[in-house]
Amino acid sequence: MPPAGARPGRHYNRFMMHAAFPVMVKPVSAACNLQCRYCYYLGRPDGASPRRMSRETLEALIREVIAAQPEAREIHFAWQGGEPTLAGIDFFREALALQNRYRPSHARIVNALQTNGTLVDAEWARFFAEHDFLVGISIDGPAALHDRLRRDHDGRATHAKVMRGLEALQRAGTQFNSLTAVHKLNCRSGHAVYRYLRRLGVRHMQFIPLVERQDAQGFLAAPPPGTAHAPVAPSTAPRDAYGEFLCAVFDDWLANDAGTIFVQAIEEYVAALAGKPAGLCTFAARCSSALMAEANGDLYSCDHYAFPAYRLGTLGQDRVEAMLQSERHRAFVERKGRLPDECRPCEFFTACRGGCPKHRFIGVPGGNYLCPSYRRFFSHAARALAPFAAVAALEEWPRCSVS
């Protein structure tokens with residue numbers, strides 16, 4: 001049983017706490033030193049060519065993002081890829097200098113970075129710790145599971161390099177969490193993956209369902225509605241498997257680690273049970289205004305919708321505030337509210353809110369590919385999480401276990 005008074009802490013969602021909108025930045029576009037077989041970003045037929053963001057575009061990004069939220073107490077930048085460390089450490093020193101130049105006196109700049117970990121050494125780890133970066137490191141479990149899909153361009157295993165990067169972060173005292181893709185090859189191994197991460201010393205975990213589809217040419221398909229009939233990609237787990245994975249994680253967490261280890265999916269469900277707003281866009285009533293900036297300055301409504309139909313404009317040419325107020329972006333944000341008929345009567349509707357629109361395929365019962373998984377996890381965990389939700393309902397929300 002959990003310790004008395006134990007509750008999840010909203011570590012991951014610090015990026016949504018005070019910002020008008022967080023911005024995901026792709027400083028090297030799709031450039032990556034790995035070639036993971038399930039990567040949605042590399043697999044786009046019209047994917048952006050690898051390049052490093054120019055100094056001019058970087059300055060326009062930081063200046064415009066800050067100017068677009070003059071009242072924000074915190075302004076958030078999430079650096080992703082590809083592999084963002086390929087931009088080089090001096091690129092990020094320049095970014096910090098520009099943030100400091102344009103930051104209003106009342107605001108705090110918050111940075112996060114998602115990495116595959118293979119290039120992280122002592123210098124990178126010290127840099128992240130010194131400048132209070134929250135680092136997400138991708139790891140799909142022990143080597144036998146991780147290395148099957150996460151390989152480099154020469155087909156070599158990467159798990160050992162990831163471990164060296166993780167150890168460097170730990171030695172430097174860097175704030176970090178793990179990000180695990182739940183796919184066809186690890187979806188039945190929830191206990192093993194969770195216990196492995198726990199043994200490594202991970203205390204904040206994200207488990208992300210891999211749901212991708214392929215077009216007739218073998219490229220990853222664009223999100224619905226235009227390609228809603230495309231079949232799922234080979235690495236996508238069966239519809240109920242993500243729920244099985246989360247249930248296994250939950251049982252282990254509840255028996256041994258409640259209050260000491262924080263799992264994003266569990267925290268999100270506690271928030272829903274407590275009647276609090278979602279911190280994760282997947283479970284929010286509307287899609288968030290979390291924009292994505294490509295290395296060439298193009299801005300999109302969402303990282304997973306980086307296709308021409310969702311392009312909002314270009315940094316240095318168009319104002320961020322105007323792009324946020326554009327009809328194209330407003331239509332994107334509201335799209336999530338157009339739900340299948342099966343959603344609103346569902347007993348778990350207030351928890352999942354229909355899930356991500358990217359996962360709504362034509363011909364899928366329930367309207368969302370992950371419906372069976374959500375139902376399985378929510379029904380399994382509801383009673384045990386009721387005491388946590390009662391505590392959360394009385395507290396200011398969202399919470400943050402790491403400030």
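The protein chain has twelve helices and ten strands, where helices (H or I, at least four residues) and strands (E, at least two) are DSSP runs numbered from the N terminus. The model is predicted, so local features need pLDDT of at least 70 and side-chain atom pairs count only at pLDDT 80 or more, while totals for chains, interfaces and linings use all residues. Residues are numbered from 1 along each chain as its sequence is written, and side-chain values use heavy atoms, with hydrogens and water left out.

Of the 403 residues in the protein chain, 56% are buried; buried means under 20% relative accessible area, exposed over 50% and partly exposed in between, with a 1.4 Å probe and protein chains only. Contact means heavy atoms within 4.5 Å. Among contacts between residues at least 6 apart in sequence, 74% join residues at least 24 apart.

Helix H7 (residues 241-256) has 16 residues and reaches 23 Å from its first C-alpha to its last, close to the 22 Å expected; the expected span is 1.5 Å times one less than the number of residues. Twelve of the 16 residues of H7 are buried, so the helix is largely enclosed by the rest of the structure. Among these buried residues are Tyr242, Phe245, Phe250, Asp252 and Trp253. The elements that cover them include strand E5 (175-182), helix H6 (190-200), strand E6 (204-209) and helix H12 (371-393).

In helix H3 (residues 122-130), the buried residues are Trp124, Ala125, Phe127 and Phe128. They lie on the same side of H3, because they cover an arc of only 160° around the axis, the arc being that of the directions from the helix axis to the C-beta atoms. On the other side of H3, Arg126 and Glu130 are exposed. Cover for the buried residues of H3 comes from elements including helix H2 (89-102), strand E3 (108-115), strand E4 (134-138) and helix H5 (159-172). The N-terminal end of H3 is capped by Asp121, with a side-chain oxygen 3.2 Å from the backbone nitrogen of Glu123. After H3 comes Asp132, which has a positive phi, near 60°.

Helix H5 contains Met163, which is buried at a relative accessible area of 12%. Not counting residues up to four places away in sequence, Met163 touches Ile139, Tyr196 and Leu200. Met163 and Leu200 are 37 residues apart in sequence, with their C-alpha atoms 9.0 Å apart in space.

Ser29 is located in the loop between strand E1 (23-25) and helix H1 (55-67). With 1% relative accessibility, Ser29 counts as buried. The side chains of Ser29 and Glu294 are joined by a polar contact of 3.0 Å; such a contact is a pair of N or O atoms within 3.5 Å, where within protein one must be able to donate a hydrogen and the other to accept it, and residues adjacent in sequence count only if both atoms are side-chain atoms.

Rings of Phe, Tyr and Trp (its six-membered ring) pair if their centres lie within 6.5 Å; planes under 30 degrees apart count as stacked, over 60 as edge-to-face and the rest as tilted. The count by this rule is 26 aromatic pairs. Tyr305 and Tyr310 form an edge-to-face pair, 4.9 Å centre to centre and with 85° between the planes, and both residues are buried. Ring pairs also link Phe250, Trp253, Tyr269, Phe283, Phe348, Tyr374, Phe377, Phe378 and Phe388 into a cluster.
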